[in-house]
Amino acid sequence: MLEWRRRREPSTLMLYASPLIAVALTMLIGMIVFTAMGYDGFHAVRDIFLTPFLEPQRWADLGVKAAPLVMIALGLAIGFRANVWNIGAEGQYVMGAIAGTGVALATHGMTGWWILPAMAVAGILGGMAWAAIPAFLRVKLQVSEILTSLMLTYVAVQGLYYLVRGPWKDPDGFNFPQTRMFSADQTLPAMAEGSLVHLGIPLAIVIAIVAWLVIEKTTAGYAVKVVGLAPAAARHGGFSANAVTWASLLAGGGLAGLAGLFEAAGPFGQLTPQFPTGYGFTAIIVAFLGRLNPLGIVFGGIVLAATYVGGEIAQTTVKLPQAATGMFQALLLFVLLATDVLVRYRIGWKVRAA
Amino acid sequence: MLVSILMTLVAASTPILLAALGELVVEKSGVLNLGVEGMMLCGAVAGFAVAYSTGSTGLGLVAAALAGVATAMVFAVLTLSLTANQVATGLALTIFGIGASSLIGAGFVGRTIARLGPVFPEALSGHPLLRAMFGHDIVVYLSLLLVLAVSLFLRRTRPGLILRAVGENDGSAHAIGYPVIGIRYGAIAFGGALAGLGGAYFSLALTPMWADRLTAGRGWIALALVVFAAWRPGRLLLGAYLFGAVMTLELQAKAAGVTWLAPEFLAMAPYLATIAVLTMMSLGRKSGRLDAPACLGKPFSAS
């Protein structure tokens, strides 16, 4: 008989190996499930997880998809470490884009280097403002930030619909529900002529490194950890749980808002009803896959970006429906949480007592 | 007019009531399952798929409940047997439900089925007043019966007492010899069945056709409702019908062609109402504990 045995200490090896095991297991389970559903499971899994890495012309795409995921996940991870469950990043992402677009529409027809930075600042503030609501309610009234941050996502999305169908509708847009296209000064510059790779991609990596330094090397990062792991010890040590709640929600909201602005001023170039892309939810998977570690999150972001890019490839090669991407992502999170048990337990043969 | 508003209100409330009632039992046992939305979506798609292919809405309802149990069991194994974090696993369940329902439902988008009809014969519902009482489908009556049953179960029966003991103090319950993990498995399965049924109410009764993300966040509202109800089934019924009223208002305003308020603002109403309700609940109680079961969300390990 096999049995679980609790390890005396969490396994460091498994801490880093379990995300890799989870990806491998997800590929295996995916292969079986999609074959059972009548698709070419082997090719589907290959195209979703490997093809994006093997074809250099897809790498730019990977970066474009990974950047917002990494940025949002970095913010979420800070909160998750402290047991602050901001699951409304999607709403903060939308609000960031709305605030930044507000600046873009207000500066319509103007030129200047300052416009894009002003949009970015507005984006960050928009996301922070949206995250400040659950932070306030949690700190002042003990209202669960899980439910409020999520409810606010639905509110933000409806707000976006209202704006693009109403007051912000492009006057020259043939009545389509979308804003004006952003001008050159309102758009993220490409890193190379004709490339998809925009400023947001290197910036996401820089933010990840900064976040790593803050979490690992500063007292503030330590406070977040302690509040999450041992609230009583944190109080004793003089770390304020309320301050940590505020900080992690504002950091999460700000980063999600910036990611939203980068999507609006990058790949989208305007706001449309298609703007809520679900990155805010996928970033939850990225945060866990990255073990809530900023550098791990870069790895997690690239893997999840591959499922988006690869999902599109598999749509044409093996006729896998687009929805399969979401299924693979969810499967990955499940398997990841299941393999987590390996960090604390190991499998062994049950020894009969003599 | 009033009767039709009342009918809409009851219909709009029923899926939230079912899902919230299931979650109430789960939380009473000390487990927080945030995957209600995911289980509802799995129930909705399974119910629709089976009803569409067999032509029987009854079989659809059964399939929906089973699909809810199946997905709930994934959550149960992860959180109870593998002691995974309940919040994270619940989120995973919702993300999974969105993905799975979208994938399975991809082939059904735009297809329609026969709507779940009233359970009593036409003759009983001729008069408007009678129709308000006897004109509903079977799930509505089932949901009301279940509220009563769960209420009696929790307050008047020994198994109900044990379930509550497990939620209030799992360590002591275990010490006395009650199977904490087994009881929680049962509660989670029950919660899954009701969430699945609630989800199917969307695809079989409210809008008898398949569309992606049919439940539109109602699972999360169900979770908030449990807090609003302070973990009491009677208050849950009241709360669900209040939310149904908010949503009916939205539909009525749309139908009446209200122009001074954009439809998007009406669509925000249920979510804003949820935040307002959660806030008021907290304002009303100084302790901030809100009567939640003491072990809610905490992992249990016998060793």
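Colleague: Which residue forms a salt bridge with Glu264(B)?

Modeller: Arg165(A) does, with the closest N and O atoms 2.7 Å apart; the term needs a side-chain nitrogen of Lys or Arg within 4 Å of a carboxyl oxygen of Asp or Glu. Between chain B and chain A the count is one salt bridge. The model is predicted, local features need pLDDT of at least 70, side-chain atom pairs count only at pLDDT 80 or more, totals for chains, interfaces and linings use all residues, and side-chain values use heavy atoms, without hydrogens and water. Residues are numbered from 1 along each chain as its sequence is written; chains are lettered from A and ligands numbered from 1 in the order in which they are written.

Colleague: How many residues of chain B are in contact with chain A?

Modeller: 42 residues of chain B are in contact (heavy atoms within 4.5 Å) with 41 residues of chain A. The buried area, meaning accessible area (1.4 Å probe) lost by both parts together, is about 3600 Å², and carbon and sulfur atoms give 83% of it.

Colleague: How do I read two packed helices?

Modeller: Two packed helices are described by the angle and the distance between their axes. In chain A, the axes of α8 (residues 200-217) and α13 (residues 294-317) come within 8 Å and cross at roughly 150°; axes are lines fitted to C-alpha atoms over the stretch in contact, with angles from 0 to 180 degrees between N-to-C directions. Helices are DSSP runs (H or I) of at least four residues, numbered from the N terminus.

Colleague: Which residues of α8(A) meet α13(A)?

Modeller: Ala208(A), Ala211(A), Trp212(A) and Ile215(A) meet Pro294(A), Leu295(A) and Val298(A) of α13(A).

Technical notes. Buried area = accessible area lost by both parts, 1.4 Å probe. Helix = DSSP H or I, 4+ residues; strand = E, 2+ residues; numbered from the N terminus.
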